[in-house]
Amino acid sequence: YIYGITSQLNQNINYVAHEVVESDTLDSLSLKYYGRPDYYWIIADFNRIQDPYIQLFGKYKSLNIPTLSDITFKVV
């Protein structure tokens, strides 16, 4: 994940609101929702999180998990 490339995903797509629990990490959520932990950057980008190692519990009550089939990118 590279600092400065966030906010490229189109924000007008379907998503699921996930209530954050203590054991949640970006890669564990990616594995749960997408079946692949390496898609953590999608969740991070969609929620404007620049630090992939951030402790989610305590900082976020919920995260929006975008529907993988609906993902598009903004043309820059």
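This is a predicted model: local features need pLDDT of at least 70, side-chain atom pairs count only at pLDDT 80 or more; totals for chains, interfaces and linings use all residues.
User: Why is His18 called buried?
Analyst: Its relative accessible area is 7%. Buried means under 20%, so with 7% His18 counts as buried.

User: What makes the pairing of His18 and Tyr33 a polar contact?
Analyst: The two side chains come to 2.8 Å of each other. The cut-off for a pair of N or O atoms is 3.5 Å, with one able to donate a hydrogen and the other to accept it. A value of 2.8 Å is within 3.5 Å, so the His18–Tyr33 pair qualifies.

User: Which residues is His18 in contact with, leaving aside neighbours within four places in sequence?
Analyst: Among them are Asp24, Leu29, Lys61 and Leu63, and Tyr33 turns up here too.

User: And Ser23, why does that one count as exposed?
Analyst: Ser23 has 60% relative accessibility. Exposed means over 50%, so Ser23 at 60% gets that label. As for its place in the chain, Ser23 lies in the loop between strand 1 and helix 1. Its C-alpha is 7.7 Å from that of Phe57, although the two are 34 residues apart in sequence.

User: What makes a set of residues here a nonpolar core, and how many residues has the largest one?
Analyst: Members have to be buried, come from a set list of residue types, and be joined through side-chain atoms within 4.5 Å. The largest such core has 15 residues, and Leu26, Leu29, Ile43 and Leu63 are among those with the most contacts inside it. Helix 1 (26-34), helix 2 (40-46) and strand 2 (62-66) each supply at least two residues. Helix 2 gives the most, with 4. As for Leu29, it touches His18, Ile43, Leu56 and Ile65, among others beyond four places in sequence.

User: How do you know which residues line the largest pocket?
Analyst: A lining residue has an atom within 4 Å of a pocket point. For the largest pocket, 13 residues line it, with Thr25, Leu26, Asp27, Pro52 and Tyr53 nearest its centre. By class, that lining has 8 nonpolar, 2 polar and 3 charged residues. The space inside comes to about 170 Å³.

User: Zooming out, how do the elements of the protein chain run?
Analyst: From the N terminus on, the order is β-α-α-β, with 2 helices and 2 strands. Buried residues make up 30% of the 76 residues.

Definitions and conventions: Residues are numbered from 1 along each chain as its sequence is written. Side-chain values use heavy atoms; hydrogens and water are left out. Buried means under 20% relative accessible area, exposed over 50%, partly exposed in between (1.4 Å probe, protein chains only). Contact means heavy atoms within 4.5 Å. On a 1 Å grid over the protein atoms alone, a cavity is a set of points where a 1.4 Å probe fits but cannot get out, and a pocket is an open set with protein on both sides within 12 Å along at least five of seven lines; lining residues have an atom within 4 Å of a point. Grid points are joined across faces, edges and corners, and a volume is the space filled by probe spheres set on the points. Ala, Val, Leu, Ile, Met, Phe, Trp, Tyr, Cys and Pro count as nonpolar, Asp, Glu, Lys and Arg as charged, and the others, Gly among them, as polar.
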